[in-house]
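Have a look at the sequence and the model before reading on.

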Amino acid sequence: MSAAEIECIDVRKVYRKDRIAIPVLDGLNLRIAAGEFVTLMGPSGSGKSTLLHLIGGLDSPTGGSVRVGDAQLERMSERELTAWRSRHVGFIFQMYHLVPVLTAAQNVELPLLLFKMSAAERRERVATALKIVGLSDRTDHRPNQLSGGQEQRVAIARALVTDPDVILADEPTGDLDARTSEEILTLLNLLNTEFGKTILMVTHDPKAAAHGQRTIHLEKGVLERDEVMPRKTVAAASA
Amino acid sequence: MALPLYYNWRNLFVRKLSTMLTFAVVAVIVLVLAVLLSFAAGIRASLASSGSRSNIMVLKPGATAESTSIILPDEISKLVQAPHVARGGDGRPLVSEELCVQTSIPRSTDGTLANVAVRGVAPVAFDVHREVRLIEGRRFDDGALEVIVGKAARDRYANLQIGGEVPLGKLSNRTYRVVGVFEAGGGALESEIWAGLTSIRDSFDRRFSSSAVLALDDAVRADETIAAINGPSIQLEARRESDYYIELSRKTREIVLLTSILIGIMSIGAVFAVANTMYASVDGRRREIAMLRTIGFSRGAILTAFLIESMLICVVACAAGIGGSLLLSGSRQDFLSDTTWTVLAYELRITGDIVVSALGLAVVVGAVGALAPALRASRIRVIEALRKA
């Protein structure tokens with residue numbers, strides 16, 4: 001069980017298109033404590049996903065610094081970031097992004113292939129991850145044999161199988177119905193409360209945001225509001 | 001760390017049609033290549049084992065083959081004066097005067113006619129062509145209407161078993177009986193029918209010979225013998241017997257060259273087929289690739305995955321192509337020489353070298369075709385690819 005603190009100092013991100021500079025993040029400062037469950041809200045184009053990508057080491061800031069645990073991301077090369085992501089970050093996407101030709105277990109196993117680990121140990125960790133997300137009976141099913149909620153559970157199992165410090169979720173319930181969304185959010189809550197994972201989740205849904213401890217509102221690339229949420233317990237969420 | 005092989009294998013079946021088309025193209029190319037190489041190897045093996053370096057083949061100056069050569073009896077008699085001609089146990093020079101003609105004989109497979117060489121020889125021929133050895137029956141009696149047939153001829157053409165009858169002669173009105181079967185070290189002579197020189201001359205109404213073959217007592221000094229025969233006192237054209245057959249295989253080399261160019265062009269087409277399939281695969285899997293990059297797979301791992309996928313198609317197609325060619329392996333075919341206008345029976349055989357060559361071609365096609373799509377896959381912009389459509 002591991003978690004990491006996230007710290008962004010004066011983070012700026014400017015995209016260039018046809019020589020026109022498009023600022024997306026403009027001097028953003030943010031600190032997320034290890035083991036916190038933080039949701040990120042804001043209108044489209046406010047910089048939520050960009051911030052998530054910077055914290056996940058998928059992109060580099062134009063200015064400022066991003067620290068996750070001991071890793072100062074802006075100083076790392078692409079190769080170093082790739083290796084770092086595999087060990088420290090679990091990603092959950094809105095569209096799940098499972099490999100359609102692989103079974104649920106094989107999808108979950110994918111990140112473990114980057115580790116020096118015996119096949120037996122991989123199998124054990126995959127079984128544990130699938131058990132946590134409640135899909136022990138779906139190990140040999142392919143994505144097209146699973147419901148949307150089950151696919152997202154497999155994606156969550158894939159994100160946590162390496163025991164990452166941070167889980168980054170980009171609108172994980174955006175493609176699910178209300179009941180399934182609630183199940184997924186309950187599961188994320190469980191990862192935070194039971195396994196102590198630092199979770200940063202982008203969402204447009206205030207109900208989803210209510211599952212976090214804090215909600216950060218972004219507006220035009222700056223932090224508009226940092227709101228502490230009344231914590232919704234797993235039991236309450238399940239009710 | 002590379003992606004597991006089952007990931008590559010299963011992805012091949014996602015786009016079945018384009019995968020199957022690419023598979024078919026590569027399999028056909030490999031099949032053509034394997035058959036071509038086995039054809040060339042078969043002809044080469046047959047001709048390379050034909051003739052001896054210690055024998056001299058003599059033709060009329062300007063003649064390219066025995067079929068276009070006429071040597072008169074007085075010219076034959078001059079040949080015994082050439083230096084280093086070996087002598088038999090009875091002290092007579094080992095000079096084999098031979099008349100080579102053709103006859104049409106149906107193939108045993110489909111009954112179509114083939115031009116088969118008929119060689120009229122004197123008994124001394126068996127001392128000159130030392131590789132010729134009876135394996136069934138007996139020699140023909142000179143003067144009788146009897147023939148012996150080469151092993152390849154017996155296997156390839158109808159009625160050439162012992163006891164079989166072959167119509168020969170200018171009007172095909174003399175019926176010769178097969179009394180023996182010979183082998184000749186796998187060489188071209190095994191595609192021939194041999195009979196007594198006088199019988200053949202009589203049946204075909206020829207008063208001349210087409211060639212003479214001399215056995216040397218010292219193969220190292222063959223050049224002196226050749227110079228003497230080519231010189232003013234004899235004025236015929238001599239060369240080592242082995243060189244004569246190598247010269248006959250020139251046409252094969254031309255066929256191989258032309259077909260190789262065709263295979264080259266087909267291979268370029270296959271490269272494009274592979275590239276097309278792999279580009280479609282990359283474009284259809286942009287998000288999947290981005291996800292793999294996100295969870296920590298390197299650019300190199302992605303590049304390797306797509307190269308392996310392409311290789312898998314090509315290697316399996318190669319196996320299918322080789323499998324197809326193996327159906328022909330061991331079969332006897334014949335090749336009509338445009339020099340002798342007779343057929344040479346040879347054996348198609350898929351050897352280890354041919355398999356390696358075919359595999360090499362398949363791997364090169366797979367690698368070259370997949371390189372650009374694989375590079376594109378490895379350079380996908382992760383964030384853009386992850387975004388919703």
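1. A word on conventions. This is a predicted model, where local features need pLDDT of at least 70 and side-chain atom pairs count only at pLDDT 80 or more, while totals for chains, interfaces and linings use all residues. Residues are numbered from 1 along each chain as its sequence is written, and chains are lettered from A and ligands numbered from 1 in the order in which they are written.

2. Start with the four-stranded sheet in chain A. It is open, has the order β2-β1-β4-β5 and pairs in the antiparallel sense. Strands here are DSSP runs of E of at least two residues, helices are runs of H or I of at least four, and both are numbered from the N terminus; two strands pair if DSSP finds at least two bridges between them. β2 (20-32) and β5 of chain A are at the edges with a single partner strand each, so one side of each has no neighbour in the sheet.

3. Now follow β4(A) (residues 63-68). On one side, five bridges tie it to β1(A) (residues 6-17), running antiparallel, and E7(A) sits opposite R67(A) there. β4(A) also pairs with β5(A) (residues 71-72), antiparallel again, over two bridges. That makes R67(A) a handy landmark, as its bridge partner in β5(A) is Q72(A).

4. What lies between β4(A) and β5(A)? The two strands form a hairpin with two residues between them, and G69(A) in the turn has a positive phi of about 60°. V68(A) stands opposite A71(A).

5. The other sheet to look at in chain A is open too, with six strands in the order β6-β7-β8-β3-β9-β10 and mixed pairing. Its edge strands are β6 (89-93) and β10 (222-228) of chain A, each pairing on one side only. Neighbouring strands in this sheet are turned by 20° against each other on average, direction ignored.

6. Inside that sheet, β3(A) (residues 37-41) and β8(A) (residues 198-202) run parallel and are joined by four bridges; F37(A) has I199(A) as its bridge partner. Helix α1(A) (residues 48-55) lies across β3, β7 (166-170), β8 and β9 (214-219) of chain A, at about 150° to β8(A). Axes are lines fitted to C-alpha atoms, for helices over the stretch in contact, and angles run from 0 to 180 degrees between N-to-C directions.

7. On to where the chains meet. The contact takes 18 residues from chain A and 18 from chain B, with two residues in contact if their C-beta atoms, placed from the backbone, lie within 7 Å. Which element gives the largest share of the chain B side? That is α10(B), with four residues.

8. Finally, chain B as a whole. Its secondary structure comes to 13 helices and twelve strands. The C-alpha trace spans about 95 × 45 × 30 Å along its principal axes.
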